[in-house]
Amino acid sequence: MPHPLDADAVRTWCALALQALGRERERIDAINVYPVADGDTGTNLYLTVESAARAVEAAFDGHGASGTAPDLADAVGAMAHGALIGARGNSGTILAQLLRGMAEILGAGGEVGSGPGGPAAALKRALRRAAESTYEAVAHPVEGTVLTVATVAAQAAERADGTPAAVARAAYEGARTALDATPGQLAVLGRAGVVDAGGCGLVALLGALAGALSGEVPTAAITVRPDAPVPVAGGCPAAGGDGPASAEQRPEGTAHGDDADPDGPAFEVIYLLEADDSAVVRLRARLDGLGDSLVVVGGDGLWNVHVHVDDAGAAVEAGIEAGRPHRIRITHFGAPDGGGRGARRRAPEPAARAVVAVVPGDGLAGLCAEVGATAVTVRPGEPPASGELVQAIRQANAREVMLLPNDPELRHTAAAAAEQARTEGVRVALIPTRAAVQGIAALAVHEPARSFDEDMVAMTSAAGATRYAELAVAERQSWTMAGVCQAGDVLGLIDGDVVVIGSDLAATAVTVLDRMLSAGGEMVTLVLGADFPDSLAERLERHVRERHLAVDTVVYEGGQRGAPLLIGVE
């Protein structure tokens with residue numbers, strides 16, 4: 001039975017899209033040859049949609065707590081925002097812009113059915129705007145890619161009559177037709193004997209939309225190519241619809257048609273950027289001169305920037321000049337021998353053991369990098385999805401991994417990621433760290449030369465022996481264990497509970513430190529937030545030195561935004 005175009009439909013769309021991309025991820029990865037044959041398009045699309053789905057669920061949870069339900073604008077806006085902040089790779093960034101384009105129409109003021117033509121016409125306009133917006137985001141659009149597939153899908157939707165379900169189905173069928181034509185439009189696809197990987201992902205997404213609106217979800221509706229054979233090597237079709245390209249069809253010496261320029265840019269740089277429109281215009285020009293595959297998506301002060309460059313530092317510096325970049329990810333395409341793009345398939349030998357840690361700031365991410373750990377940097381209110389943690393475990397490239405969630409709210413997410421990684425042959429220990437300072441303590445005693453079990457016990461013991469605290473600023477009036485706080489009050493939390501309410505950052509920090517050290521301690525760890533004054537850090541160090549003899553103090557520049565100060569006592 002057809003379903004109306006509303007918030008529930010968006011929620012179902014997210015769930016079905018995530019299922020489809022989860023099923024097709026490896027197949028899409030296998031045919032990824034453009035713009036870079038790094039075999040991750042399916043994974044990047046899955047992680048992007050997972051972030052979008054989490055944002056939609058958060059919107060439903062937020063409204064449910066107040067006894068209301070989100071409307072279409074709330075749901076589609078959350079989906080687009082979730083995709084923006086969680087976009088991965090070139091394909092995920094373009095997908096985020098597609099969803100933002102749809103949200104511009106479906107999230108406009110008023111009921112979607114109140115405009116000319118009703119919901120079906122609104123969906124047509126949304127699909128058209130989605131396709132247009134991708135061309136605006138990509139610095140140098142290329143036909144035969146997901147851009148073409150989106151355009152043909154929108155054109156097919158325009159010709160459809162009837163319900164939103166009929167419009168979505170027409171878009172899906174149009175996308176499938178366009179996908180078949182991509183090898184004839186883009187030479188690298190034709191030589192490899194495959195269709196465009198990003199286009200495959202869009203077909204899955206539109207199939208999920210059609211299923212959500214029709215109320216009927218046959219497998220064929222959300223499979224990349226339901227009519228193609230599914231050989232062991234993959235299921236997204238080669239040109240001509242006969243399955244993935246054979247070894248004979250692929251260019252000699254490449255894994256999946258990788259005939260990209262071996263002298264091309266060596267790094268992929270992605271970051272979220274807080275900046276105004278005029279600064280982003282200048283940033284586009286600057287990055288376009290540094291590399292290729294430039295995609296900048298977003299708006300309203302928040303952008304997602306993706307580019308391939310040789311000088312990753314210059315790309316980040318350009319972002320700093322434009323505004324405030326964060327959640328920076330830099331991926332090196334080349335192998336350790338520096339062989340450039342042509343060498344990326346020669347993966348290095350896995351390490352014996354690695355550490356993956358979730359951290360709340362760029363400074364802590366840098367600390368992790370210094371000791372060889374893989375960091376997943378997060379911001380307040382934007383927890384990582386399990387897929388993002390799985391991807392970090394894969395990037396760590398080790399046979400054994402110690403996973404540090406550093407947040408009690410991530411316990412289930414981290415457990416799911418660990419379980420998935422185990423199915424892929426990685427031995428994972430989930431260290432029950434509840435705060436970043438416990439993660440620092442665990443990381444300090446990590447010793448790869450020990451046995452797996454001994455290392456796990458040592459790291460768990462170090463984390464458990466570390467009490468944790470933080471300072472936060474109240475956003476609104478609220479009841480706490482220490483009494484009623486007002487907006488702007490400084491809150492001191494120990495082991496997750498508010499124990500001090502103050503008006504001064506320094507005085508509250510001193511009170512929290514004294515309370516923690518009253519039970520004893522040998523070392524204090526201070527992790528400074530992005531705006532924490534250096535003079536106050538020095539004052540706290542001096543206070544510990546003068547008032548608590550034989551207690552050492554270590555200070556790190558954490559760079560976190562949510563909490564001005566994190567404190568650990570071992």
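User: Is His-543 buried or exposed?

Analyst: The general idea is a threshold on relative accessible area: buried means under 20%, exposed over 50%, and partly exposed in between, with a 1.4 Å probe and protein chains only. His-543 has a relative accessible area of 12%, so it is buried. This is a predicted model, in which local features need pLDDT of at least 70, side-chain atom pairs count only at pLDDT 80 or more, and totals for chains, interfaces and linings use all residues. Residues are numbered from 1 along each chain as its sequence is written, and side-chain values use heavy atoms, with hydrogens and water left out.

User: Where is His-543 found, and which residues does it touch?

Analyst: Helices (H or I, at least four residues) and strands (E, at least two) are DSSP runs numbered from the N terminus. His-543 is found in helix α18, residues 534-547. Contact means heavy atoms within 4.5 Å. Not counting residues up to four places away in sequence, His-543 touches Val-510, Asp-514 and His-548.

User: What do the totals for the chain come to in secondary structure, burial and contacts?

Analyst: The secondary structure comprises 18 helices and 16 strands. Of the 570 residues, 55% count as buried. Among contacts between residues at least 6 apart in sequence, 70% join residues at least 24 apart.

User: How is a nonpolar core to be read, and which residues of the largest one touch the most other members?

Analyst: In soluble globular proteins, nonpolar side chains tend to be buried together. A nonpolar core is a set of buried Ala, Val, Leu, Ile, Met, Phe, Trp, Tyr and Cys residues joined through side-chain atoms within 4.5 Å. The largest core here has 88 residues, of which Trp-13, Met-102, Leu-123, Leu-127 and Leu-206 touch the most other members. Helix α9 (residues 197-214) gives the most to this core, with twelve residues. Apart from it lies another core of 25 residues, among them Val-355, Leu-364, Leu-367 and Ala-429. As for Leu-127, its contacts beyond four places in sequence are Met-102, Ala-154, Ala-157, Val-167, Ala-171 and Leu-206.

User: How do the axes of α4 and α5 cross?

Analyst: Axes are lines fitted to C-alpha atoms, for helices over the stretch in contact, and angles run from 0 to 180 degrees between N-to-C directions. Angles under 35 degrees count as roughly parallel, over 145 as roughly antiparallel, 65 to 115 as roughly perpendicular and the rest as oblique. Helix α4 (residues 89-106) and helix α5 (residues 118-137) have axes that come within 7 Å and cross at roughly 140°. The helix α4 is therefore oblique to α5. The contact includes Met-102 of α4, and Leu-123 and Leu-127 of α5.

User: How does the pair α10 and α11 cross?

Analyst: The axes of α10 (residues 277-288) and α11 come within 9 Å and cross at roughly 165°. That makes α10 roughly antiparallel to α11. Residues making the contact include Leu-283 and Leu-287 of α10, with Ala-314 and Ala-318 of α11.

User: Where is the place of Asp-311, and what lies 3.0 Å from a polar atom of its side chain?

Analyst: Asp-311 is in the loop between β3 (302-309) and α11 (312-322). A polar contact is a pair of N or O atoms within 3.5 Å; within protein, one must be able to donate a hydrogen and the other to accept it, and residues adjacent in sequence count only if both atoms are side-chain atoms. Here the backbone nitrogen of Ala-314 lies 3.0 Å from a polar atom of the Asp-311 side chain. Asp-311 counts as partly exposed, at 44% relative accessibility.

User: Which residues does a cis peptide bond join?

Analyst: A cis peptide bond joins Tyr-34 and Pro-35, with omega about 0°. Pro-35 is found in the loop between α1 (7-30) and α2 (41-65).
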